[in-house]
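Dear colleague,

I am handing over a structure that is new to you, and my notes on what was found in it follow below. Please read them with the model open beside you.

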Amino acid sequence: MNVQIVYFSGTGCTEHVAKTFSKEFQARGHTTLCRSITKTESPDESTDLLVLCFAVHASNAPEPVMRWVKNLEKADERPVVIISISGGGEVTPNLACRVPLKRAFKRKNYRLLYEKMLVMPSNWIVGTKRVLSSKLLQVLPYKVSYVVNDVLNGKSSFTHPLLGNRFLTFIGSLEHAGARSFGKKILVDKSCTLCGLCVKRCPVSNISLHGDRPVFGKNCTLCLNCIYSCPQGALHPGTMKFVVIKKGFSFPEILALPSDNLPIDLDKEAKGFAWVGVKRYLSKTSDMLEPAFQGPLD
């Protein structure tokens, strides 16, 4: 089977999930193509299965993801798997985050086969503890293996969020406009060296260098990668400052965290309402399966 895995990733978490899916499908004897949606227009004719991975933005898929699906050519009941990734898990207000995408795919004659939320370290408002971040990376291959196994065995998985959560997703869609405003108001201080790293790492090519400073366009998706990855710490939010984790966020540093198979005290480490979804996700083992793929990702 030819599997195309497309993703939209800002700080790297979703890309890591997509590559984990790619390796697991490959280990089970299938051909995969794993690419960012910014580098591919649509699945080619040989694609038997489409897997879409996206980070949840304000209870929704990011605007580039919605636009990519809406621009697809109509398919002939091609199966699609939708994987959402968040720092909070499958809880309100994220329960309906895949609904607009499901509708968009249906209009393009795709057949929804499977949907699931996976959890990765948070890069939004409140950072995830190191011990929880390490554990989330440790269980990811097992969660992915379970999904792949279900898909290959013809098992489906759907959710049916209630009206209240659908309303929250509708309200959250206003974030698309707010993200564009956020980008235009990013501040650059004097420590900027014009290294161009922000330009290189922007997933929507929204940043360019002009004169003595980076210039931000109108296509920001609020992924925060430019702010977190600036080696000089020269970029700062001009608005909505609360969304940026004060200690920063570095996925390469998270990947380098030591891991072990020792259990952790989730009542202690995932204490509080904000971490209910993470606690539930890590506690649940019935959706985990020994991965066929072994070893580090490229």
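In helix α3 (residues 99-107), the buried residues are Val99, Pro100, Leu101, Lys102, Ala104 and Phe105, where buried means under 20% relative accessible area, exposed over 50%, and partly exposed in between (1.4 Å probe, protein chains only). Helices (H or I, at least four residues) and strands (E, at least two) are DSSP runs, numbered from the N terminus. The cover over the buried residues of α3 includes β3, α2, β4 (78-86), β5 and α5, with contact taken as heavy atoms within 4.5 Å.

A word on the source: this is a predicted model, in which local features need pLDDT of at least 70 and side-chain atom pairs count only at pLDDT 80 or more, while totals for chains, interfaces and linings use all residues. Residues are numbered from 1 along each chain as its sequence is written, and side-chain values use heavy atoms, with hydrogens and water left out.

Turning to the sheet, five strands make up an open, parallel arrangement in the order β2-β1-β3-β4-β5, two strands being counted as paired if DSSP finds at least two bridges between them. Because β2 (31-36) and β5 (110-119) stand at the edges with a single partner strand each, one side of each has no neighbour in the sheet. Strand β1 (residues 2-8) runs parallel to β3 (residues 49-55) and is joined to it by six bridges, and Val6 stands opposite Leu52 in β3. Helix α2 (residues 63-70) packs on the sheet, where it touches β1 and β3, and its direction makes about 155 degrees with that of β3; axes are lines fitted to C-alpha atoms, for helices over the stretch in contact, and angles run from 0 to 180 degrees between N-to-C directions.

The whole structure holds ten salt bridges, each being a side-chain nitrogen of Lys or Arg within 4 Å of a carboxyl oxygen of Asp or Glu. One of them joins Glu63 and Arg180 at 2.8 Å, N to O; since Glu63 lies in α2 and Arg180 in helix α6 (residues 175-184), the pair ties together parts that are 117 residues apart in sequence. Another is formed by Arg98 and Glu115, whose closest N and O atoms are 2.6 Å apart, and both of these residues are buried. Arg98 and Glu115 also belong, with Glu90 and Lys102, to a network of salt bridges.
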